[in-house]
Amino acid sequence: MASRLTIKTPRGYRFARDVCSYGFFLLAPNHWDPRTRTFSRVLDLPGGPAAVAMTEPARGELQARFTRTLSPGDRAAAVRQITRMLRLDETADTIREFHRLDPRWKRSGRGRLMRSPTFFEDVIKTVTSCNITWPSTIAMNRRLCEVVGRGGAFPTARLLARARRTTLRARCRVGYRDARIIELARKFVAGEVDEAWLADPATPDDTVWKALLEWPGIGPYAAANIMQLLGRYSRLPLDTESIRHGKTVLGLRGSNRQIMRAVHAHFAPLGHHAFRGYWFELWEFYEARRGKSWTWERDVTAATFTASQLK
DNA sequence: GGTAGACCTGGACGC
DNA sequence: GCGTCCAGGTCTACC
């Protein structure tokens, strides 16, 4: 028999707004149905993959319906993964602190950024977003789930550590990222990645930054993005989109390098909430052109969400 | 510290 | 249908 879970959400949490708050919600195995406002995906649980469909039947709680019966171990893992993915462990006080620093988002209540059920998925999704256009990122993630993942789930580190470079390149079309993805997966499997230490507020941002830059395939953009996915919002993952934003929205002029520096300086007063302010400004720009994010279809964004088309 | 070129894929474009 | 060009971060070599 199928299992159901009811999960309480923090005060101010809004399912559609907060799920559709970061591009990862459009990447497989994630799927958002704008008509029914249902978020679904396959979670990799101790008892095997399980498809889940989530809705918000009432304010303050989410309902997760699974396609199979969950063991107690499965249920605990599912709650842990959903909590991580939706950042339900970020308190209302944290969001209020962000709104005090950047009051533009107080009315809409924005503050949380969707991420993945596991840190490993966050890291690989970041690598698949580097040096590539958005449609290819969407395709790569879909193929990784279809070709390597179990039962439609995102591939685990163990599966990717064992994958062949030729499989990733020829069937998942990840290009030169093949070796880097496998090396990263092997680091996770070998126990060389201490997520608790990386996420611990007692570990300085600079220390985490330097550690991430040592990882294969991780440069300044990817490291800053992984940091925000760890809950460290002081650094900005700046890319070509940021340059477009700096020019068209902030009115900045100069070389790309100068604009990057100016964007950093612009958001620096937000301190350890800088990325939230930067990101929601970018998100609002997209929504002004494409409608609210919870109305977006994955295939439509694949065709239209690229820096060159948003100029 | 800064810069040039290679690394891949997929879409746009010209013929 | 084919060839060429371009967008997109990271890495390495070089100055």
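**Note on aromatic packing, buried residues and domains**

1. F275 and Y278 lie 3 residues apart in helix α14 (residues 274–290), which puts about one helical turn between them. Helices here are DSSP runs of H or I with at least four residues, strands are E runs of at least two, and both are numbered from the N terminus. F275 is buried at 1% relative accessibility, and Y278 is buried too, at 2%. Buried stands for under 20% relative accessible area, exposed for over 50% and partly exposed for what lies in between, with a 1.4 Å probe and protein chains only.

2. The model is predicted: local features need pLDDT of at least 70 and side-chain atom pairs pLDDT 80 or more, while totals for chains, interfaces and linings use all residues. Residues are numbered from 1 along each chain as its sequence is written, chains are lettered from A and ligands numbered from 1 in the order written, and side-chain values use heavy atoms, leaving out hydrogens and water.

3. How many aromatic pairs are in the whole structure? The search gives 17. F275 and Y278 make a tilted one, with 6.0 Å from centre to centre and 45° between the planes. The rule pairs rings of Phe, Tyr and Trp (its six-membered ring) with centres within 6.5 Å; planes under 30 degrees apart are stacked, over 60 edge-to-face, and the rest tilted.

4. F285 is buried at 9% relative accessibility, and Y286 is buried at 7%. A single aromatic cluster takes in Y22, F24, F25, F267, F275, Y278, W279, W283, F285, Y286 and W296.

5. Y22 belongs to that cluster and sits in the loop between α1 (15–19) and β2 (31–33). Y22 is buried, with 6% relative accessible area. Leaving out residues up to four places away in sequence, Y22 touches L113, M114, N225, Q228, L229, F275, W279 and W283; contact means heavy atoms within 4.5 Å. The side chains of Y22 and N225 are joined by a polar contact of 2.8 Å. A polar contact is a pair of N or O atoms within 3.5 Å; within protein, one must be able to donate a hydrogen and the other to accept it, and residues adjacent in sequence count only if both atoms are side-chain atoms.

6. D102 is in the loop between α3 (92–101) and α4 (119–127), and is buried at 5% relative accessibility. Its side chain makes a polar contact of 3.0 Å with the side chain of W105. Apart from neighbours within four places in sequence, D102 contacts L270 and G277.

7. Two arginines have the charged end over a ring: R235 over W209, 4.3 Å from the ring centre, and R276 over F98, at 5.8 Å. The rule asks for NZ of Lys or CZ of Arg within 6 Å of the ring centre and within 35 degrees of the ring normal.

8. The disulfide count is 0. C145 is in no disulfide, and its nearest cysteine sulfur, in C172, is 9.3 Å away. That distance is too far for a bond, the cut-off for a disulfide being two cysteine sulfur atoms within 2.5 Å. C145 is buried at 5% and C172 at 0%.

9. Chain A is assigned domain 1 (4–105) and domain 2 (119–229); such bounds come from an automatic or database assignment. Their centres, taken over C-alpha atoms, are 22 Å apart. In contact across the two are 16 residues of domain 1 and 21 residues of domain 2.
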